[in-house]
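Work through the exercises below with the structure open beside you. Try each task before you read its solution.

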Amino acid sequence: MTARLLLTFDDRNIGNWVRALPAFETAGARVTFFVVEADLLDEREQAGLRRLLGAGHTVGSHGARHRNADETIAAWGAPEYLRREIDPSVQALRALGARAQTFAYPNSRRDAVSDHTLLGTFDRLRGGGERGLDLASARRAIAAEVPSRRVLPARGWDTGRGTSSHLDDAGVLSALLRTLADDGGVLVLYAHDIAERSEHHHVHPERLVQVLEEAASYGLQMCGFDELDAPVSGMGAGVR
(Lines give C-alpha, C1' and ligand atoms only; values in the text may rest on other atoms or scores of the structure.)
Protein backbone atom coordinates (compact mmCIF):
# COMPACT_ATOMS: atom_id res chain seq x y z
CA MET A 1 0.00 0.00 0.00
CA THR A 2 1.33 3.45 -0.93
CA ALA A 3 2.48 5.55 2.02
CA ARG A 4 1.45 9.17 1.59
CA LEU A 5 2.05 12.11 3.91
CA LEU A 6 -0.28 15.09 3.49
CA LEU A 7 1.12 18.16 5.21
CA THR A 8 -1.48 20.91 5.56
CA PHE A 9 -1.31 24.52 6.74
CA ASP A 10 -4.30 26.60 7.80
CA ASP A 11 -5.53 30.19 7.90
CA ARG A 12 -4.00 33.21 6.17
CA ASN A 13 -0.22 33.03 6.59
CA ILE A 14 0.51 33.32 2.89
CA GLY A 15 3.72 35.35 3.13
CA ASN A 16 5.44 32.83 5.40
CA TRP A 17 4.10 29.92 3.37
CA VAL A 18 5.71 31.41 0.27
CA ARG A 19 8.99 31.84 2.16
CA ALA A 20 8.90 28.10 2.93
CA LEU A 21 8.67 27.11 -0.75
CA PRO A 22 12.42 26.31 -1.04
CA ALA A 23 12.15 23.83 1.86
CA PHE A 24 9.25 22.04 0.16
CA GLU A 25 11.06 22.01 -3.18
CA THR A 26 14.27 20.60 -1.65
CA ALA A 27 12.31 17.74 -0.07
CA GLY A 28 10.25 17.07 -3.19
CA ALA A 29 7.10 17.80 -1.19
CA ARG A 30 3.78 19.16 -2.33
CA VAL A 31 1.43 20.24 0.45
CA THR A 32 -2.02 21.74 1.00
CA PHE A 33 -2.89 25.23 2.19
CA PHE A 34 -6.38 25.72 3.61
CA VAL A 35 -7.09 29.44 3.28
CA VAL A 36 -9.50 31.46 5.36
CA GLU A 37 -10.90 34.87 4.30
CA ALA A 38 -10.01 34.22 0.67
CA ASP A 39 -12.44 36.93 -0.40
CA LEU A 40 -10.48 39.50 1.67
CA LEU A 41 -6.97 38.80 0.37
CA ASP A 42 -5.01 41.85 -0.77
CA GLU A 43 -3.04 41.93 -4.02
CA ARG A 44 0.17 40.71 -2.38
CA GLU A 45 -1.60 37.78 -0.77
CA GLN A 46 -3.31 36.91 -4.03
CA ALA A 47 0.04 36.92 -5.81
CA GLY A 48 1.49 34.70 -3.09
CA LEU A 49 -1.36 32.24 -3.38
CA ARG A 50 -0.78 32.06 -7.13
CA ARG A 51 2.88 31.28 -6.43
CA LEU A 52 1.86 28.41 -4.17
CA LEU A 53 -0.42 27.04 -6.87
CA GLY A 54 2.24 27.53 -9.52
CA ALA A 55 4.65 25.43 -7.45
CA GLY A 56 2.20 22.53 -7.61
CA HIS A 57 0.65 22.80 -4.17
CA THR A 58 -3.05 22.37 -3.36
CA VAL A 59 -5.16 25.27 -2.10
CA GLY A 60 -8.43 24.48 -0.34
CA SER A 61 -11.02 26.29 1.73
CA HIS A 62 -10.98 26.91 5.47
CA GLY A 63 -14.20 28.90 5.33
CA ALA A 64 -14.92 32.55 4.72
CA ARG A 65 -14.77 33.59 8.39
CA HIS A 66 -13.52 30.49 10.24
CA ARG A 67 -16.93 29.71 11.69
CA ASN A 68 -17.46 26.37 13.42
CA ALA A 69 -19.43 24.29 10.95
CA ASP A 70 -21.46 22.23 13.39
CA GLU A 71 -22.84 25.04 15.51
CA THR A 72 -23.25 27.47 12.60
CA ILE A 73 -25.30 25.01 10.56
CA ALA A 74 -27.41 24.30 13.64
CA ALA A 75 -28.00 28.03 14.13
CA TRP A 76 -28.46 29.19 10.52
CA GLY A 77 -29.47 26.08 8.63
CA ALA A 78 -27.40 24.47 5.89
CA PRO A 79 -28.42 26.73 2.96
CA GLU A 80 -27.53 29.95 4.80
CA TYR A 81 -24.28 28.48 6.08
CA LEU A 82 -23.27 27.52 2.55
CA ARG A 83 -24.28 30.92 1.19
CA ARG A 84 -22.37 32.96 3.77
CA GLU A 85 -19.46 30.78 4.85
CA ILE A 86 -18.64 28.49 1.93
CA ASP A 87 -19.66 30.10 -1.37
CA PRO A 88 -17.59 33.32 -0.94
CA SER A 89 -14.52 31.27 -0.06
CA VAL A 90 -14.84 28.84 -2.96
CA GLN A 91 -15.61 31.56 -5.49
CA ALA A 92 -12.61 33.67 -4.42
CA LEU A 93 -10.22 30.72 -4.49
CA ARG A 94 -11.38 29.55 -7.90
CA ALA A 95 -10.98 33.06 -9.27
CA LEU A 96 -7.31 32.79 -8.29
CA GLY A 97 -6.88 29.45 -10.05
CA ALA A 98 -7.46 26.94 -7.24
CA ARG A 99 -9.74 23.92 -7.66
CA ALA A 100 -11.01 24.50 -4.12
CA GLN A 101 -12.44 20.99 -3.92
CA THR A 102 -11.24 20.32 -0.37
CA PHE A 103 -12.18 21.83 2.98
CA ALA A 104 -10.58 21.83 6.43
CA TYR A 105 -12.93 22.16 9.38
CA PRO A 106 -12.17 25.25 11.51
CA ASN A 107 -11.21 24.12 15.01
CA SER A 108 -11.84 20.54 13.78
CA ARG A 109 -15.52 21.03 14.68
CA ARG A 110 -17.73 18.67 12.69
CA ASP A 111 -20.67 16.29 12.96
CA ALA A 112 -22.72 14.06 10.66
CA VAL A 113 -24.88 16.98 9.53
CA SER A 114 -21.90 19.15 8.59
CA ASP A 115 -20.27 16.25 6.73
CA HIS A 116 -23.43 15.69 4.71
CA THR A 117 -23.78 19.41 4.00
CA LEU A 118 -20.19 19.97 2.90
CA LEU A 119 -19.74 16.80 0.88
CA GLY A 120 -22.24 18.26 -1.55
CA THR A 121 -19.63 20.93 -2.39
CA PHE A 122 -16.24 19.33 -1.73
CA ASP A 123 -14.54 16.09 -2.76
CA ARG A 124 -12.93 15.64 0.65
CA LEU A 125 -12.96 17.17 4.12
CA ARG A 126 -10.21 17.27 6.71
CA GLY A 127 -11.24 16.57 10.27
CA GLY A 128 -9.11 16.60 13.40
CA GLY A 129 -7.84 14.14 15.94
CA GLU A 130 -6.11 13.61 19.23
CA ARG A 131 -2.63 14.91 19.92
CA GLY A 132 -0.73 13.30 22.71
CA LEU A 133 2.27 11.19 23.57
CA ASP A 134 0.53 7.85 23.10
CA LEU A 135 1.61 6.20 19.86
CA ALA A 136 -1.39 3.88 19.74
CA SER A 137 -3.75 6.87 19.75
CA ALA A 138 -1.56 8.71 17.24
CA ARG A 139 -1.79 5.80 14.81
CA ARG A 140 -5.53 6.39 14.50
CA ALA A 141 -4.65 9.41 12.37
CA ILE A 142 -3.43 7.08 9.60
CA ALA A 143 -6.22 6.35 7.13
CA ALA A 144 -6.35 3.39 4.78
CA GLU A 145 -8.54 2.75 1.74
CA VAL A 146 -8.52 6.44 0.86
CA PRO A 147 -10.74 6.22 -2.27
CA SER A 148 -13.62 5.16 0.01
CA ARG A 149 -12.99 7.88 2.58
CA ARG A 150 -14.12 11.44 2.03
CA VAL A 151 -13.45 12.74 5.55
CA LEU A 152 -9.85 12.22 6.58
CA PRO A 153 -8.58 12.33 10.17
CA ALA A 154 -5.63 14.57 10.94
CA ARG A 155 -3.13 15.29 13.69
CA GLY A 156 -1.74 18.67 14.73
CA TRP A 157 2.00 19.35 14.85
CA ASP A 158 2.36 23.07 15.58
CA THR A 159 5.27 23.87 17.89
CA GLY A 160 3.87 26.95 19.61
CA ARG A 161 1.81 30.10 19.74
CA GLY A 162 3.27 33.41 20.84
CA THR A 163 5.57 32.73 23.80
CA SER A 164 3.83 29.42 24.61
CA SER A 165 5.24 26.13 23.39
CA HIS A 166 2.93 23.32 22.35
CA LEU A 167 3.29 19.69 23.30
CA ASP A 168 6.72 18.38 22.26
CA ASP A 169 5.75 15.17 20.48
CA ALA A 170 8.71 14.88 18.13
CA GLY A 171 9.39 11.30 19.19
CA VAL A 172 5.81 10.22 18.64
CA LEU A 173 5.65 11.97 15.29
CA SER A 174 8.87 10.28 14.20
CA ALA A 175 7.46 6.88 15.19
CA LEU A 176 4.24 7.72 13.36
CA LEU A 177 6.14 8.45 10.15
CA ARG A 178 7.99 5.15 10.52
CA THR A 179 4.67 3.33 11.00
CA LEU A 180 3.32 5.01 7.88
CA ALA A 181 6.36 3.95 5.89
CA ASP A 182 6.06 0.36 7.11
CA ASP A 183 2.29 -0.13 6.84
CA GLY A 184 1.19 2.34 4.15
CA GLY A 185 -1.90 4.51 4.13
CA VAL A 186 -2.33 8.26 4.38
CA LEU A 187 -1.33 10.47 7.30
CA VAL A 188 -2.63 14.06 7.40
CA LEU A 189 -0.80 16.54 9.62
CA TYR A 190 -1.95 20.11 10.16
CA ALA A 191 -0.12 23.24 11.23
CA HIS A 192 -0.73 26.94 10.70
CA ASP A 193 1.94 29.62 10.32
CA ILE A 194 5.57 28.74 9.53
CA ALA A 195 7.78 30.99 11.61
CA GLU A 196 10.36 31.10 14.38
CA ARG A 197 7.82 33.02 16.44
CA SER A 198 4.26 34.05 15.69
CA GLU A 199 1.21 35.31 17.56
CA HIS A 200 -0.64 32.55 15.75
CA HIS A 201 -0.27 28.79 16.03
CA HIS A 202 2.90 27.98 14.14
CA VAL A 203 5.51 25.37 13.32
CA HIS A 204 9.16 26.39 13.62
CA PRO A 205 11.01 26.33 10.28
CA GLU A 206 13.66 24.00 11.69
CA ARG A 207 10.98 21.53 12.78
CA LEU A 208 9.42 21.74 9.33
CA VAL A 209 12.74 20.88 7.68
CA GLN A 210 13.32 18.00 10.13
CA VAL A 211 9.94 16.45 9.31
CA LEU A 212 10.43 16.95 5.57
CA GLU A 213 13.86 15.34 5.69
CA GLU A 214 12.67 12.42 7.80
CA ALA A 215 9.67 11.80 5.55
CA ALA A 216 11.91 11.91 2.49
CA SER A 217 14.36 9.47 4.08
CA TYR A 218 11.49 6.97 4.54
CA GLY A 219 10.45 7.38 0.91
CA LEU A 220 7.05 8.81 1.83
CA GLN A 221 5.09 10.40 -0.99
CA MET A 222 4.41 13.97 0.16
CA CYS A 223 1.46 15.22 -1.86
CA GLY A 224 -1.44 17.62 -1.74
CA PHE A 225 -5.12 16.81 -1.39
CA ASP A 226 -5.72 17.47 -5.08
CA GLU A 227 -3.34 14.62 -5.92
CA LEU A 228 -5.38 11.97 -4.14
CA ASP A 229 -7.43 9.63 -6.28
CA ALA A 230 -10.97 10.84 -6.88
CA PRO A 231 -13.43 9.51 -4.30
CA VAL A 232 -15.13 6.29 -5.34
CA SER A 233 -18.59 7.06 -6.70
CA GLY A 234 -21.41 6.26 -4.31
CA MET A 235 -19.21 6.03 -1.23
CA GLY A 236 -20.08 7.84 1.96
CA ALA A 237 -17.92 9.83 4.29
CA GLY A 238 -16.02 6.78 5.48
CA VAL A 239 -15.28 8.24 8.91
CA ARG A 240 -14.17 5.92 11.68
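**Exercise 1. A pair within a helix**

Task: Find the closest N and O atoms of Glu80 and Arg83, and say what they form.

Solution. Step 1: The closest N and O atoms of Glu80 and Arg83 are 2.7 Å apart. Step 2: Apply the cut-off: a salt bridge is a side-chain nitrogen of Lys or Arg within 4 Å of a carboxyl oxygen of Asp or Glu. Glu80 and Arg83 form a salt bridge. Helices (H or I, at least four residues) and strands (E, at least two) are DSSP runs, numbered from the N terminus. Step 4: Check accessibility. Glu80 is partly exposed, at 25% relative accessibility. The classes are buried (under 20% relative accessible area), exposed (over 50%) and partly exposed (in between), with a 1.4 Å probe and protein chains only.

Ground rules for what follows: this is a predicted model, where local features need pLDDT of at least 70 and side-chain atom pairs count only at pLDDT 80 or more, while totals for chains, interfaces and linings use all residues. Residues are numbered from 1 along each chain as its sequence is written, and side-chain values use heavy atoms, with hydrogens and water left out.

**Exercise 2. Pairs across the chain**

Task: How many salt bridges does a search of the whole structure find? Then examine the pairs Arg12 with Glu45 and Glu227 with Arg30.

Solution. Step 1: The search gives 18 salt bridges. Side chains of opposite charge can pair when their charged atoms come close.

Step 1: Take Arg12 and Glu45, whose closest N and O atoms are 2.9 Å apart. This pair links distant parts of the chain, 33 residues apart. Arg12 sits in the loop between β1 (3–11) and α1 (14–19), and Glu45 in helix α3 (residues 43–54). Arg12 is partly exposed at 26% relative accessibility. Glu45 is buried, at 16%.

Step 2: Take Glu227 and Arg30, with their closest N and O atoms 2.6 Å apart. Here 197 residues separate the partners, so the pair also joins distant parts of the chain. Glu227 lies in the segment after β14 (221–222), and Arg30 in the loop between α2 (21–27) and β2 (32–35). Glu227 is partly exposed, with a relative accessible area of 30%. Arg30 is partly exposed at 33%.

Step 3: Look for a network. Salt bridges link Arg131, Arg155, Asp169 and Arg207.

**Exercise 3. Two helix contacts**

Task: Describe how α4 meets α5, and how α8 meets α9.

Solution. Step 1: Compute the α4 and α5 geometry. Their axes come within 7 Å and cross at roughly 120°. That makes α4 oblique to α5. Axes are lines fitted to C-alpha atoms, for helices over the stretch in contact, and angles run from 0 to 180 degrees between N-to-C directions. Angles under 35 degrees count as roughly parallel, over 145 as roughly antiparallel, 65 to 115 as roughly perpendicular and the rest as oblique.

Step 1: List the residues in contact (heavy atoms within 4.5 Å). Ala69, Thr72, Ile73 and Trp76 in α4 meet Ala78, Glu80, Tyr81 and Arg84 in α5. They divide into five nonpolar, one polar and two charged. Ala, Val, Leu, Ile, Met, Phe, Trp, Tyr, Cys and Pro count as nonpolar, Asp, Glu, Lys and Arg as charged, and the others, Gly among them, as polar.

Step 2: Turn to helix α8 (residues 170–183) and helix α9 (residues 205–217). Their axes come within 10 Å and cross at roughly 25°. That makes α8 roughly parallel to α9.

Step 3: List this contact. From α8 come Ala170, Leu173, Ser174 and Leu177, and from α9 Arg207, Val211, Glu214 and Ala215. By class, the contact has five nonpolar, one polar and two charged residues.

**Exercise 4. Positive phi**

Task: Where is His66 in the chain, and is Ala100 buried or exposed?

Solution. Step 1: Recall the background. Most residues other than glycine have a negative phi. Step 2: Phi of His66 is near 60°, a positive value. His66 is in the loop between β3 (58–61) and α4 (69–76). His66 is partly exposed, at 25% relative accessible area. Step 3: Phi of Ala100 is near 55°, also positive. Ala100 is in the loop between α5 and β4 (102–104). Ala100 is buried, with a relative accessible area of 0%.
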